[in-house]
Protein chains: 2
Amino acid sequence: MNLKPTKPLSGFVELTPAQQRCFDENAAKMVDSLKTAGFGRLDLPTIERFEVLTDKDNFEDIETEMYVFEKGDTKMGLRYDGTIGLARFVAGHINDLTFPFRAYQFAKNYRGERPQKGRYREFYQMDLDILGQGDLSPDYDIEIITTMNDALTSIKDTIGNVYVRVGSRAVWNQAFAALGVVGEDKIRNTLIIIDKREKMPADEFAAALRDAAGADAANKIAAAFDNPKSLAGISSELDDALAQLEMVVQRAQAAGVDARLDLSIVRGHGYYTGVVFEYYFADSDIKTQIGGGGRYENLVSKFSKAKIVGVGAGFGPSRLLVPLIESGKLDLSKYERQADVAVLPMGAAQVDAALNAVRAIRAAGLVAVPFLDTNKKFKAMMEYADKIRARFAMIIGEDEAKAGLVALKDMTTGQQASFPVEQAIKKVKDS
Amino acid sequence: MNLKPTKPLSGFVELTPAQQRCFDENAAKMVDSLKTAGFGRLDLPTIERFEVLTDKDNFEDIETEMYVFEKGDTKMGLRYDGTIGLARFVAGHINDLTFPFRAYQFAKNYRGERPQKGRYREFYQMDLDILGQGDLSPDYDIEIITTMNDALTSIKDTIGNVYVRVGSRAVWNQAFAALGVVGEDKIRNTLIIIDKREKMPADEFAAALRDAAGADAANKIAAAFDNPKSLAGISSELDDALAQLEMVVQRAQAAGVDARLDLSIVRGHGYYTGVVFEYYFADSDIKTQIGGGGRYENLVSKFSKAKIVGVGAGFGPSRLLVPLIESGKLDLSKYERQADVAVLPMGAAQVDAALNAVRAIRAAGLVAVPFLDTNKKFKAMMEYADKIRARFAMIIGEDEAKAGLVALKDMTTGQQASFPVEQAIKKVKDS
């Protein structure tokens, strides 16, 4: 018989138990900071109707990357981000939700793009959004920026410091209007070029910007990257948008966020209308963004006539953590511990006593793992206790069991002594 | 423009935030009990190669229910249970893992079956397995049965009591051999009939069992459902298998599990070879099983020549909890609280003070949610604090802000008094 392949499909992550524990503990810290900020979890379907998933708003072409299939007469596909499901859900529950509505998602998403380093076909995405019905104060922009910062800072020990670059679509909308960059296509093309600024050589970027926006406008736009104030005084609407952006950056800084005003941040999505931002590592060779978000004026327009405005952010725990975990640069030793106590009955007659001890240890909130292959040699049992990195081995021999005792061995120091079970558990708990 | 549909696809679960909090908190309790039992999480891909997913071992026809699609030249599909991925993973990591290997999964699975009450096309499945290399003591059967019992008992307040019916494939294998039920097809067909016993009228079941096993064997098999001891003395191997089953049931009972020996439990999967078991509600109208598992002799045979034996269990948190949550029978009020403190600045000038207060409240580990639409009326702000079920409203007015004070209103009693922020936070924390 031919054996089936044991490797997962290319582009799919598979972690060992210790790596997984590292991922999960870091993810849990980030989730906790979202919960403390009053975001409730939405767990939306992974499969959506094809017509729901198609979205011409993206700057990139998502459709070729989508996993699409049919079941019965229905064409459907796998979610590739959190926004579309959120929009569908909110449109369907407008009368049940309390606005401003705060929600986070922590879910697997799928993009069948060519696998490359740090990019996965299946990946976790965290999304957080605050949605208003009709309107939503721009002060909520600070809430999203600081909450995402808190989430990333909660795993500072793992990923180091981060900073956030804050731009504004509102500033560009006003600047474009004043500089004669008008018409949907021209605006969109100019934004796409600005979004690519750091990926292009300087002269190529300058030429592309001139092509998209015209020579005069391109000069003024380019000057604003280094000196946003060069856009001041052109129109009062533009001055207002600039002031609003400055206020968001200052308030984020006041909240302890390393926020930097940067007009080259525009984000690759058509629906942003206000502040946009991207997070970056402060002390890493990795120069690509970690995640980001922004403000949008009409989330649910494809699903409902209601006006839902919001501000949201998204980032990828898989992209953030998996390359680091797999690089060997992280010390994973603390994630290798599988038990507090390995319980080792020395023979079949001690199994009942061992199972009782296991139950008592777990009831005390400690992790207990028994080794029940009592036909194995003592050496194999101790090796198991060592391999699962148990802090203690609880050895239950014939004599000890008769006397109601267990031998407790500290796996770090090698010290061993006999106690009644309850006393041994207390010793583990206090250690 | 035509609006897109807001409902999820038929058979897909979508919970409101309060319902989701109920689901998540119950799921977390079950996961915690698996962790305390020393099971580490495996988070395996949702998408597998089609050839990995196909499996003739199932009594039911899975293939027509699978979600299958192609990307490039690769045919693939969505996982429908936890076993196949586990087998693939273990076969690929035999040299990296410590055996007995203890793993749990808590993941979404997919079956495109006709949606019906309590059955979903996307559903969570919890799986726990203990795997041995070469051999594994049958005493580990108790570990799985008690751990699954602990997981279900951890949410007793939600689902009530459970009991477990324990049968044995080993008993039937020996009984069939002694009673002349031989040949792969005859054995398989007889097991399939036994598995359906409770879904068939008694006379229909008796006839089907006669057809599958022959009249003599059918009589002896039927007698054993009510009186397992009627199989005693037929062969020494059968006696051993019966004694082993009795021991597992007794030890599970000794561990506080409501375990009942029941030979009509055989489980609908070809690969079981020893003890098999199913959990049921003790105090509910729902008579169908909650989940179950059993012992298997060769998990990875399709992937590797290594011999991996194990015992595992699986159950569906979606099937277990979602119908209950949606039935309205559960009191969801405690899951409706979205914040400890709603922070309400009375005007734009108080927003900075409000954001500072929010930060301080969250730093104290409490959930703080600000209401920043300061153009709204005071009544709307208080309504928001009430709707998100905040325990307290922290009201920041102009005079209070000047004096460095906040007004703290207890949303339950309506009592209100002014304090410095830190003192107000302490009051919330102590309440």
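**A note on chains A and B**

1. Start with the interface: chain B and chain A bury about 8000 Å² between them, and 55% of that is on carbon and sulfur atoms. In chain B, the residues losing the most area to chain A are Lys4(B), Leu9(B) and Lys71(B), which together make up 9% of what that side buries. Keep in mind that this is a predicted model.

2. How many residues are in contact across the two chains? On chain B there are 99, and they touch 99 residues of chain A.

3. Now for the charges and polar groups. The count between chain B and chain A comes to 12 salt bridges. Sorted by class, the side of chain B that touches chain A has 48 nonpolar, 22 polar and 29 charged residues.

4. Within chain B, have a look at helix H7 (residues 184–195) and helix H8 (residues 202–213), which pack with their axes 8 Å apart at an angle of about 170 degrees. Angles over 145 degrees count as roughly antiparallel, so that is how H7(B) and H8(B) run relative to each other.

5. Who makes that helix contact? From H7(B) come Lys186(B), Asn189(B), Thr190(B), Ile193(B) and Ile194(B), while H8(B) brings Phe205(B), Ala208(B), Leu209(B), Ala212(B) and Ala213(B). By class, that gives 7 nonpolar, 2 polar and 1 charged residues where H7(B) meets H8(B).

How values were computed: Residues numbered from 1 in each chain as written. Chains lettered and ligands numbered in written order. Predicted model: local features only at pLDDT ≥ 70, side-chain atom pairs only at ≥ 80, totals over all residues. Heavy atoms only, no water. Contact = heavy atoms within 4.5 Å. Buried area = accessible area lost by both parts, 1.4 Å probe. Salt bridge = Lys/Arg side-chain N within 4 Å of Asp/Glu carboxyl O. Nonpolar A, V, L, I, M, F, W, Y, C, P; charged D, E, K, R; others polar. Axes fitted to C-alpha atoms, helices over the stretch in contact; angles between N-to-C directions. Helix = DSSP H or I, 4+ residues; strand = E, 2+ residues; numbered from the N terminus. Parallel < 35°, antiparallel > 145°, perpendicular 65-115°, else oblique.
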